[in-house]
Amino acid sequence: MTAQPIGRSEDSRFRVGLARAFGGAILFSLPMFMTMEMWWLGFHMDRLRLAVFLASGIPLLVGLSHYIGFERTFGWVNDLVDAFVAYAVGFVAAGGIMLLFSVIEPGMSVHEIVGKVSVQALPGAIGAMLAQNQMGQNDEQVEERVRSYASKLFIMLVGSLFLAFNIAPTEEMVLISYQMTTVHALILALLTLALMHAFTYAVGFSGQQERRPEGVPFWSVFIRYTMTGYAVALLVSLIALWLFGRTDGTGLEETAMAMLVLGFPAAMGAAAARLIL
């Protein structure tokens, strides 16, 4: 007698989670949906890089599902299903918004339409997953899962990716890197490290959960989390620059400068993710 109501309750929770996912896909990715460089990327981005971009999203979304998915999952199969659901939400949301904005329209080639939607799908899927944490899931459930060192690094990776995807395709990021000198780059790196550590441990924002463990010295936390998180942000920045063609035809110095510039917002995303997720 109780099985049917329970089943309906589970279906209802999934529908609510799916609705939140569509809201999150649009809310978190709207800046990218309205960025001209992202539209052009879909048209001219190398298809091998686009395939790598989309394929790399699967393990990322599986990990996100494990920590903050649409519903509490009980194995990697469930997480994989949620990942593909998030991808589907990302594709539908991106296609719908760009169709509404006339970014894609009848008469365009299939090559162009598929490219424009695909390059927006992963950010939309990440937004779909993040929405569950921001709009519905119990904080205690997330905190219970995000306890290990590896899980915290993964959350920083997600935060880095999300902001890096927003900025890497833009011309302004390249312009800033060309204008900066070595001194500017050094100051930026030091400032990034200081802000990352302050955001997570020192400032005490409302809702902050991170505290330096008793008896653990400052330098240990700084190296294990702040410096490692910055290294993750720089790696994410380099990968994003390569995926979006920003390293093509550039020298080592120019690439390093662009990586440091993009690493600033990526690192802020990593630090914010430690507090928000």
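**A walk through an all-helix model**

A164 is buried, with a relative accessible area of 0%. This residue sits in helix 7, which covers residues 149-167. In space A164 lies 6.8 Å from P265, C-alpha to C-alpha, although 101 residues separate the two in sequence. The model in which these values were computed is a predicted one.

The overall layout comes next. The protein has eleven helices and zero strands, and its pattern along the sequence reads α-α-α-α-α-α-α-α-α-α-α. Of the 277 residues in the protein, 49% are buried.

Helix 2, residues 36-44, has E37, M38, L41 and G42 as its buried residues. These residues are on the same side of helix 2, because they cover an arc of only 145 degrees around its axis.

At the start of helix 3, a side-chain oxygen of D46 comes to within 3.1 Å of the backbone nitrogen of L48.

A search of the whole structure finds three salt bridges. One of them joins the side chains of D248 and R49, at 3.0 Å from N to O. R49 is buried at a relative accessible area of 15%, whereas D248 counts as partly exposed at 45%.

Another salt bridge is formed by the side chains of R246 and E171, at 3.6 Å from N to O. R246 is in the loop between helix 10 and helix 11 and E171 is in helix 8, so the pair ties together parts that are 75 residues apart in sequence. The C-alpha atoms of E171 and R246 are separated by 9.7 Å. Helix 8 spans residues 171-179. Both partners are partly exposed: E171 has a relative accessibility of 45%, and R246 has a relative accessible area of 22%.

The pair E112 and K116 also meets in a salt bridge, at 2.9 Å from N to O. Here both residues lie in helix 5, four residues apart, about one turn of the helix. Helix 5 covers residues 110-135. E112 and K116 are both buried; E112 counts as buried because its relative accessibility is 15%, and the cut-off for buried is under 20%.

One of its members, L100, lies in helix 4, residues 76-100. L100 is exposed, with a relative accessible area of 63%; exposed here requires over 50%.

S102 is found in the loop between helix 4 and helix 5. This residue has a positive phi of about 65 degrees although it is not a glycine. S102 is partly exposed, at a relative accessible area of 46%.

Note on methods:
Residues are numbered from 1 along each chain as its sequence is written. This is a predicted model: local features need pLDDT of at least 70, side-chain atom pairs count only at pLDDT 80 or more; totals for chains, interfaces and linings use all residues. Side-chain values use heavy atoms; hydrogens and water are left out. Buried means under 20% relative accessible area, exposed over 50%, partly exposed in between (1.4 Å probe, protein chains only). Helices (H or I, at least four residues) and strands (E, at least two) are DSSP runs, numbered from the N terminus. The arc is that of the directions from the helix axis to the C-beta atoms. A polar contact is a pair of N or O atoms within 3.5 Å; within protein, one must be able to donate a hydrogen and the other to accept it, and residues adjacent in sequence count only if both atoms are side-chain atoms. A salt bridge is a side-chain nitrogen of Lys or Arg within 4 Å of a carboxyl oxygen of Asp or Glu.
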